[in-house]
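Look at the chain as a whole before turning to single residues.

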Amino acid sequence: WNEAAIIERNGNLADRACKAILAPIPRIRPYSSQKSFDDFVPGIYPITDLDTDMNGTDIKAVTIEGKEFVLESWNQLLVKVSEYDLKIDSAKFDNIVKTNLLHKDKKSKNPPEFDPILSEDKTLVNAGKKIGASKYFAEGNISCSRARFFTNQLIQQYGLADSCTITVDIKSD
């Protein structure tokens, strides 16, 4: 080996290595603003459908027992359904709140067992939203999937799952 041969060999190895090494793979963020909605079909879905990915969509309405309620955002879903359920049976709703039936799976705000989703104490829920003219508050800082999950749990308690739907559209920017 002489100096020229070593330099040529290093150049060849460098060229081969550059061809063999892949460029960084683009990062895909599943719920970014670049999400493709090619597979999502806007329309009416049962409240019990928790499998359809609706993150990044707009909720337009919830219909309970044939009554439609227009909504502007996902964080209104639980509030509107709670208002409806309270009118049907306030004692049942009070029991759901007092027994902390709807809760997060963590404890940081000191209620029994886990952090509540519905509460009489606004400080126990994040960005608490008042439920109508009642003494109750619902979690206000809530994602689409969590709003659907907790609303489904609540509607199941009232036996209204079969008569509750949501109208969803592709998010308009």
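Which pattern does the chain follow when read along the sequence? The chain follows α-β-β-β-α-α-β-β-β-α-β, and its secondary structure comes to 4 helices and 7 strands. Helices (H or I, at least four residues) and strands (E, at least two) are DSSP runs, numbered from the N terminus. This is a predicted model, in which local features need pLDDT of at least 70 and side-chain atom pairs count only at pLDDT 80 or more, while totals for chains, interfaces and linings use all residues. Residues are numbered from 1 along each chain as its sequence is written, and side-chain values use heavy atoms, with hydrogens and water left out.

Of the 173 residues of the chain, 38% count as buried. Buried means under 20% relative accessible area, exposed over 50%, and partly exposed in between (1.4 Å probe, protein chains only). Contact means heavy atoms within 4.5 Å. Among contacts between residues at least 6 apart in sequence, 52% join residues at least 24 apart.

Now take two loop residues. Asparagine 55 is in the loop between strand S1 (43-46) and strand S2 (57-64). Why does asparagine 55 count as buried? Asparagine 55 is buried because its relative accessible area is 17%, under the 20% limit. The C-alpha atoms of asparagine 55 and lysine 171 are 9.4 Å apart, although 116 residues separate the two along the chain. Serine 134 is in the loop between strand S5 (129-130) and strand S6 (137-138), and its relative accessibility is 17%, so serine 134 counts as buried. A polar atom of the serine 134 side chain lies 3.1 Å from the backbone nitrogen of tyrosine 136.

Lysine 104 belongs to the loop between helix H3 (90-98) and strand S4 (118-119). Lysine 104 counts as buried because its relative accessibility is 14%. Leaving out residues up to four places away in sequence, lysine 104 touches Phe114, Asp115, Pro116, Ile117, Asn126 and Glu139. With glutamate 139 there is a polar contact between side chains, at 3.0 Å. A polar contact is a pair of N or O atoms within 3.5 Å; within protein, one must be able to donate a hydrogen and the other to accept it, and residues adjacent in sequence count only if both atoms are side-chain atoms.
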